[in-house]
2 protein chains.
Amino acid sequence: MDSTKRRAARRERQTKEAKSGPKFRPLQNPWPALEIASPEQIERVHQASIYILETIGMRFLDAEALSLWEAAGAKVDYKAQHVWIDGGLVTDLIRQAPDSFTMRARNPLRDIPIGGNHISFFPCAGVVNVSNSQVGRQQGTEATYQELIKLWQASNVIHFAGMQAVAMHDVPVSCRHLKTRLHGHTLSDKAIFGVSHGRIISEDCLAASRIIFGDDLTTGGPVTGCVINVNSPLVYDDRMLGGLITYARAGQAVVITPFILSGAMSPITIPATIAQQNAEALAGMALAQIVNPGTPVVYGGFTTNADMRSGSPAFGTPEGAWALLLGTQLARYYGVPYRGSGSLNTANSVDAQAAYESMWTLWPAVQAHANIIVHAAGWLESGLTVSYEKLIIDCENLAMMQHFLGNINWSDDAFLLDMIQKVGPGGHHFATPHTQANYRTAFFDGTLADRSNYERWLDGGEKDIVQRAAERWQAILRDFEAPKLHESVQEELEGFVERRTQELQGVSLYD
Amino acid sequence: MDSTKRRAARRERQTKEAKSGPKFRPLQNPWPALEIASPEQIERVHQASIYILETIGMRFLDAEALSLWEAAGAKVDYKAQHVWIDGGLVTDLIRQAPDSFTMRARNPLRDIPIGGNHISFFPCAGVVNVSNSQVGRQQGTEATYQELIKLWQASNVIHFAGMQAVAMHDVPVSCRHLKTRLHGHTLSDKAIFGVSHGRIISEDCLAASRIIFGDDLTTGGPVTGCVINVNSPLVYDDRMLGGLITYARAGQAVVITPFILSGAMSPITIPATIAQQNAEALAGMALAQIVNPGTPVVYGGFTTNADMRSGSPAFGTPEGAWALLLGTQLARYYGVPYRGSGSLNTANSVDAQAAYESMWTLWPAVQAHANIIVHAAGWLESGLTVSYEKLIIDCENLAMMQHFLGNINWSDDAFLLDMIQKVGPGGHHFATPHTQANYRTAFFDGTLADRSNYERWLDGGEKDIVQRAAERWQAILRDFEAPKLHESVQEELEGFVERRTQELQGVSLYD
């Protein structure tokens, strides 16, 4: 074979590999959730968080939020922007939240159920840099944003097309949120979340959703959502509250996520940290219910420990795993879905540390039955960077997890005692008609792991998995085809983005 | 600081890091085991394996084994070396096996309970090559054998000092087993397993145990054990049967481990593969009970799928995880302990693939409550090679797992509501007296993961985790001190090894 033919053959194989793999489908964990706390311990966490809400209180740095709390019956100190919330009030409000809902995508085949034993994988979000073996590590741009959306769209184990995948440093801050909608809806037909920094940005995202879905954003489930972080300990800032109120008013999914590093933003024990997380999450979910009773909310957790040697976040730790499991258990206690995380790690290169810390996040998240597993693919450097190669490696693991959670065929036919008899002691099954008929589909068919022996691996150029992953994402981007969007809709969306880009030029959105 | 001082400081830090870490202690998984099959499905696996034993039968390539089966009531064809075993006979025999036992070590503080919710980590075994960043990849030698025993001994999360860690290519085959005993008992005070290739080798291992433990090898629990592999499908060979019978007669632990690659040594479905594994394991455990009723046996599984593209084993797969979980569930059904594996992978370098495949073995093994987790640290290249750096990385993960399985302090004091109140909304907890008093011990304190930011990591020379692991094992070996063994015992052991080495020169042990 000459080199042109060889290249063509390799290209074809890579294309095939990129296109093969699992089908897009909603996942469920069919087995019991791992619960590491007793019902009595969960009850004590609840009581402690009610004490925090009633006696210590929280700060809400937004005038409308303070009024909403007062009207609902909470005690409010407007000057201090401090609110004390009665336990009965909070639990009454949380009871209005649905225990599950469906997140709608512009392609209905991509709708995703959230809640119960359903699990969904969400891309990484809010990242600053991208890195890959072609360009190295650089600040995110509009072009890399588009590449990431394409990679999420192409993977059938990623259930959403994300939310602020990476900061577009070459786009003015005031219009980045518009570009997230433009690229999210034109390059992907999966559900996307919106930006939620204040009311103006949030309204823009909702307006874009209306172009795609029409004016009814709620029948059959929300069409977008937002992640609201708490400034732990115990503060909701004005930007997040503007976002929370705007999305809740529109009946869109509000994922309340305290970000707590135990030892830094909470006391250095698990019960105190989880009680504080719980108080913070309850307050946010309750506020969404005040704004709009029945708003789909998700209890989110992003709790781990600080590395007490350096003060840095420590991701993929036993404490992080505990927090994930306890958080999900608490969400079940309140009857709301939970949001965990998937590929968290602190590594600076895509090495064994990056991989095992990610597994220390994904495995407990799946065992916990966390319903939305955010940052499920691509994270590196504690979330500062998204690595294209790590994204591919993480997606391989998500595909393995999808297969693992699938059903084993336990039919009588599957026992194949006749075949065991026929082959008999000492024989082999490679060549049996049954094996020959089924070998292509019987097992998880990953092509990223290299299982060749050492000598063949040497002959092949000693490629480690990062090199193989680099070939994979390049093939995916090369062959990417955007899912069709009706021309008139696309024009309307582009027109909207253009108009708002003009209007927002030079505007400070958070005044 | 001049370079000498800097070196000294670094050396001291490395020594400290090598010595720090978790205490040696038996582990338990305090949470419910993950069960992925219904009781009815487990019952059907049982029935299918009884069908295999009764109707298809198995081959036992050893005259004594055939006589034992006949005397116990099985149907035996001596010429074909084929045995058909009645279901009632098998289950009666299995019922005589203890559901748990204690594995004794020469240091009683290293005794390890096997069974129930207890989990123990066993080094990798039966490996051909070693690799590390100092010498590269090379065949195992006596010197590298000694280094591995030192590394197992130094790690407090490795509960055994192993069994044939690596083949000693510079020692005549006929005396390698003697050296495993010599180095195992002089460089380590942990429990060790013996070689079990036929009767002569096995008797030698037991004789060495008698030098260490005295003539009573059974009161309080066995002092050694062996792993008996099945030549799947459905064959026990002469060497393994010689070992099984010899260890069982001495009341030592017999770990029966079918090694099945689904699609190659069994039909290409999970139910057929697990039913065959179960039949094979039941037969071996039952034979041990015929030899010596009450012999501690362990149901072992090493079942995974073949990579159907290449025919190679595929480790760290969803199918391997299923097999581990189903095997452990079956062991509970029969009331015997289970042996799983811990760091299985097919990678040729210590990369992200090596790490995630290992996690795909360790996590299900721990969730399953597998009681002995063999190959828990160091595996590479589908078990052909033990990597020193991977060993260190795996041990870090075992330490994380030990911490994860530990108890969360749920006392009232741990809720620290006063501290949450004192710090209040928007404050921080780094500087509180409680954090300051507890920050050294509050969290899992791994030092292998690098959590510094990208710029500091670059300044530090862009070390990935393999480089950091290399520094760690070098420090451990440099500072290793062998646990004291009474001088007279050591002399007796050395004398025994010397005498048998002479006697076995040129002898073919398997004739």
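In the predicted model, A:S155 is located in the loop that connects helix 5 (142-154) with helix 6 (176-187) of chain A. The relative accessibility of A:S155 is 10%, and this residue therefore counts as buried, the cut-off for burial being under 20%. When neighbours within four places in sequence are left aside, A:S155 is in contact with A:K190 and A:C395. A:L66 lies 89 residues from A:S155 along the chain, and the C-alpha atoms of A:S155 and A:L66 are separated by 43 Å.

The arrangement of strands was examined in chain B. Strands of a sheet pair through backbone hydrogen bonds, in either a parallel or an antiparallel manner. In chain B, an open sheet of mixed pairing is formed by four strands in the order 3-4-2-11. Its edges are strand 3 (75-77) and strand 11 (235-236) of chain B, each of which pairs on one side only. Strand 2 (residues 58-60) and strand 4 (residues 82-84) of chain B are paired in the antiparallel sense over two bridges. B:R59 stands opposite B:H82, a residue of strand 4 of chain B. Helix 9 (residues 270-291) of chain B lies across strand 2 and strand 11 of that chain, and runs at about 40° to strand 2 of chain B.

The relation between the two chains was then considered. Chain A is superposed on chain B by a rotation of 180° with 0.0 Å of shift along its axis, with an RMSD of 0.0 Å. The two copies are thus related as by a two-fold rotation axis. In chain A, the C-alpha nearest this axis belongs to A:A352, at 2.2 Å from the axis. Both copies use the same surface, as 99% of the contact residues of chain A recur in chain B.

Terms used:
Residues are numbered from 1 along each chain as its sequence is written. Chains are lettered from A and ligands numbered from 1 in the order in which they are written. This is a predicted model: local features need pLDDT of at least 70, side-chain atom pairs count only at pLDDT 80 or more; totals for chains, interfaces and linings use all residues. Side-chain values use heavy atoms; hydrogens and water are left out. Copies are superposed by least squares on the C-alpha atoms of residues with pLDDT of at least 70 in both. Contact means heavy atoms within 4.5 Å. Buried means under 20% relative accessible area, exposed over 50%, partly exposed in between (1.4 Å probe, protein chains only). Two strands pair if DSSP finds at least two bridges between them. Axes are lines fitted to C-alpha atoms, for helices over the stretch in contact, and angles run from 0 to 180 degrees between N-to-C directions.
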